[in-house]
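Thanks for coming. I will show one structure and walk through a few parts of it.

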Amino acid sequence: MRPTAKFSISFGLVTIPVAAYNATDTSASVSFVRIHTADGGRVRNQPVCSLEGVEITQDEIGRGYKPGDGDTVVPLSDDDLDALPLPTAKTLTILAFVAGGDIDPLQMGKGYYLGIDSPAAAKPYVLLREAMERHQRVGLGKIALHGRETLAMIRPMEDALVMQVLLWPHQIRSMDGVLPERQAEVARNEVSAAEALMDSFGELSEDDLHDHYRESLEEIVAAKLAHREPEFPAGEEQPAGEVMDLMAALQDSVRAAKRSRGEDEEAAPRSGRTAKKSAAKKSTTAKSAAKSTTTKAAAKKTAAKKQPAAKKTAGRGGRRAG
């Protein structure tokens with residue numbers, strides 16, 4: 001694996017030369033090419049000069065910057081960019097250490113594995129990693145990558161350091177117009193039912209982490225090449241439509257999740273009429289038990305009253321006999 005950039009991490013007075021490697025592989029994702037629908041020919045993007053109207057090569061393409069809304073473009077060479085007075089051009093200076101939970105996931109961008117770029121960097125590299133692990137903190141700093149300065153987060157991951165590019169705060173859009181005008185109110189038992197549904201989901205399986213879309217797409221392509229109909233495994237149809245009874249839908253979802261894992265459905269909470277019938281049955285059973293207990297108590301009380309009378313009669317009979 002070839003590094004995409006090399007720089008140094010500045011941790012106080014400690015400098016750690018590192019090499020950054022792409023942590024993600026987007027080539028494995030589904031991608032399409034543009035074609036001419038009439039004949040299936042590829043449609044390509046050809047670099048053309050807007051002034052001369054002729055196609056140009058990659059060697060003739062440089063960088064330019066538009067300072068305003070006009071048509072003026074200022075050419076910038078590699079030497080111009082190298083002359084920028086930015087300490088972040090070659091060094092990622094850690095500015096603060098914060099809890100990982102303080103970083104908004106919306107800000108997280110591309111990830112890079114950081115490896116040491118010299119034997120002397122091994123010890124400070126391990127020191128920074130273990131210190132962040134024990135302190136449960138991540139480092140925040142700034143670095144210039146690919147001609148742009150960006151925020152970056154450094155965190156420990158297993159035995160390595162990982163750098164995550166972060167968006168600037170002004171790049172996160174406002175939520176105006178997203179939230180509903182009126183907030184819906186939910187009951188406490190509905191929240192409890194939702195939590196029970198969350199608990200019933202269990203852990204992710206290997207099948208959950210599989211790209212079924214790519215496999216299905218490849219099956220369609222293979223079927224077209226073989227002039228046949230695509231063959232897909234039969235899947236369970238997901239219910240659709242507006243939820244009218246939220247509580248019943250939550251409870252039914254818990255039962256469905258348990259059923260899919262082969263667990264006992266009786267353990268799932270009942271909904272609707274079944275729950276009411278069960279509650280009524282429990283209530284009747286409780287009343288019968290209470291009635292039975294009251295009857296037994298009354299019988300004991302009656303027996304207790306009769307017992308002294310019987311003893312008194314027996315005593316009288318004993319005196320007469322004597």
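**Strands, a helix and a surface patch**

Thr150 has 11% relative accessibility and therefore counts as buried, where buried means under 20% relative accessible area, exposed over 50%, and partly exposed in between, with a 1.4 Å probe and protein chains only. Before I go on: this is a predicted model, in which local features need pLDDT of at least 70 and side-chain atom pairs count only at pLDDT 80 or more, while totals for chains, interfaces and linings use all residues. Residues are numbered from 1 along each chain as its sequence is written, and side-chain values use heavy atoms, with hydrogens and water left out.

Back to Thr150, which is found in strand S8. Helices (H or I, at least four residues) and strands (E, at least two) are DSSP runs, numbered from the N terminus. A polar atom of the Thr150 side chain lies 3.1 Å from the backbone oxygen of Leu166.

Strand S8 covers residues 148-157 and also holds Met157. Is Met157 buried or partly exposed? Its relative accessibility is 33%, so Met157 counts as partly exposed. Together with Met1 and Tyr113, Met157 forms a nonpolar patch on the surface, with about 330 Å² of accessible area in total. Patches are made of residues with over 30% relative accessible area and no salt bridge; like charges are joined within 9 Å, and nonpolar side chains (Val, Leu, Ile, Met, Phe, Trp, Tyr) within 5 Å. A salt bridge is a side-chain nitrogen of Lys or Arg within 4 Å of a carboxyl oxygen of Asp or Glu. The areas come from the Shrake-Rupley method with a 1.4 Å probe, and for residues only the protein chains shown count as cover.

Next, strand pairing, which requires that DSSP finds at least two bridges between two strands. Strand S1 (residues 5-11) runs parallel to strand S5 (residues 91-98), and three bridges join them. Ser8 stands opposite Thr91 in S5. S5 also pairs with strand S7 (residues 138-145), in the antiparallel sense, over five bridges. There, Val98 has Val138 in S7 as its bridge partner.

Now helix H5, residues 246-260. After H5 comes Gly262, with a positive phi near 75 degrees.

Last, Val186 sits in the loop between strand S9 (160-166) and helix H3 (188-200). Val186 counts as exposed because its relative accessibility is 55%. The C-alpha atoms of Val186 and Leu246 are separated by 9.8 Å, and the two residues are 60 residues apart along the chain.

Conventions. Expected span 1.5 Å × (residues − 1). Polar contact = N/O pair within 3.5 Å; in protein donor to acceptor, adjacent residues only side chain to side chain.
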